[in-house]
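Dear colleague,

I am handing over the structure that you will be working with, and below it I have set out what was found in it. Please keep the picture open while you read.

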Amino acid sequence: MIKITADSTCDLSPEILKAMDITLVPLYILVGDKTFRDGADITPPDIFHYVEREGKICRTAAVNAYDYQSFFAKYSPNYEAVIHICLGSEFSSCYQNATLAAQSFSNVYVVDSQNLSTGSGYVVYEAALMAGEGLPAKEICLRLEELIPRVDASFVIERVDYLHKGGRCSGLEAFGARLIQIKPSIEVINGKMVVGKKYRGGFERCLEQYVRERLLAKEDIDYSRIFITYSTCPEPVLAKVEETVRRYADFKEIIQTKAGCTICSHCGPNTLGILFKRKNNKK
């Protein structure tokens, strides 16, 4: 058997993790002089409490090589192989640290997802499906290498103050965005996070426009699966987003999942994205 593991930033639901036997390594969340493990000692509501109620800044820190080595040591002896999918190497040193740790094991493979949240989670999900089909580890890694550039990941952020507090946009930009009600989209392109289109108006209206533009009349979308990933979002808004997805695209599977502490600490509440894959045009 092959064991699939991943960084906690993949944002797959507990139900998916259990059903597919995926085990996560928690990143660290730093709040003042305290250190927490993502998803184990701290959750997104805690993040929002610290920021909104206590005025604290929450930061993230990578898993170190020692932690990865200890983690791999639990599974390497019991499985034919361990395939670990990391948060994109442009966002963190996790991939570098995991690769270093894996050198101590002959059957541990480390994959750079070149993505975040369920952009990375999409890769993890596919790896677990292939492991369940009995594919050998090297074949799975080769297929993931082909898949990774085809993952389409983006989010819309209602508030930019979390980006500002995390040093990812200036105070002037944050003030201007609030003043004219701009909701920026964040896209992952070539493994890097970039600012995409800036939507204007109410959050629900912006999300409808965002989903329509990402999905409408696109010929290269693979309609097997789409993730709707969110930090916090009112149920009527989520229902409206899923309805909009169904209106413009016929996905076989629509999976809603909540964003973890990393996305929440950087992007804040009312952040929502749709994540899917594009067709392999080389075939």
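Across which strands does helix α4 lie? Helix α4 (residues 94–102) lies across β1 (2–7), β6 and β7, and runs at about 165° to β7. Such angles run from 0 to 180 degrees between the N-to-C directions of axes, which are lines fitted to C-alpha atoms, for helices over the stretch in contact; helices (H or I, at least four residues) and strands (E, at least two) are DSSP runs, numbered from the N terminus.

Please note that this is a predicted model, in which local features need pLDDT of at least 70 and side-chain atom pairs count only at pLDDT 80 or more, while totals for chains, interfaces and linings use all residues. Residues are numbered from 1 along each chain as its sequence is written, and side-chain values use heavy atoms, with hydrogens and water left out.

The open sheet consists of 4 strands in the order β2-β1-β6-β7, with parallel pairing, where two strands pair if DSSP finds at least two bridges between them. Its edge strands, β2 (22–25) and β7 (108–112), each pair on one side only. Strand β6 (residues 81–86) is joined to β7 by 5 bridges, and I85 stands opposite V111 in β7.

Elsewhere, strand β9 (residues 182–189) is largely enclosed by the rest of the structure, because 7 of its 8 residues are buried, that is, under 20% relative accessible area, whereas exposed means over 50% and partly exposed lies in between (1.4 Å probe, protein chains only). Strand β9 pairs in the antiparallel sense with β8 (residues 151–157) over 3 bridges, and 7 bridges join β9 to the antiparallel strand β10 (residues 192–200). β9 and β10 form a hairpin with 2 residues between them, and N190 in the turn has a positive phi of about 50°.

In helix α10 (residues 235–248), the buried residues are V237, L238, V241, E242, T244 and V245. They cover an arc of only 155° around the axis, which puts them on the same side of α10; the arc is that of the directions from the helix axis to the C-beta atoms. The face turned away from this buried side carries the exposed residues E235, P236 and R246.

Finally, S117 is found in helix α5 (residues 117–132) and is buried, with a relative accessible area of 1%. Among the residues that S117 touches are T9, F155 and I263, where contact means heavy atoms within 4.5 Å.

With best wishes

Definitions and conventions: Lists of a residue's contacts leave out its neighbours within four places in sequence.
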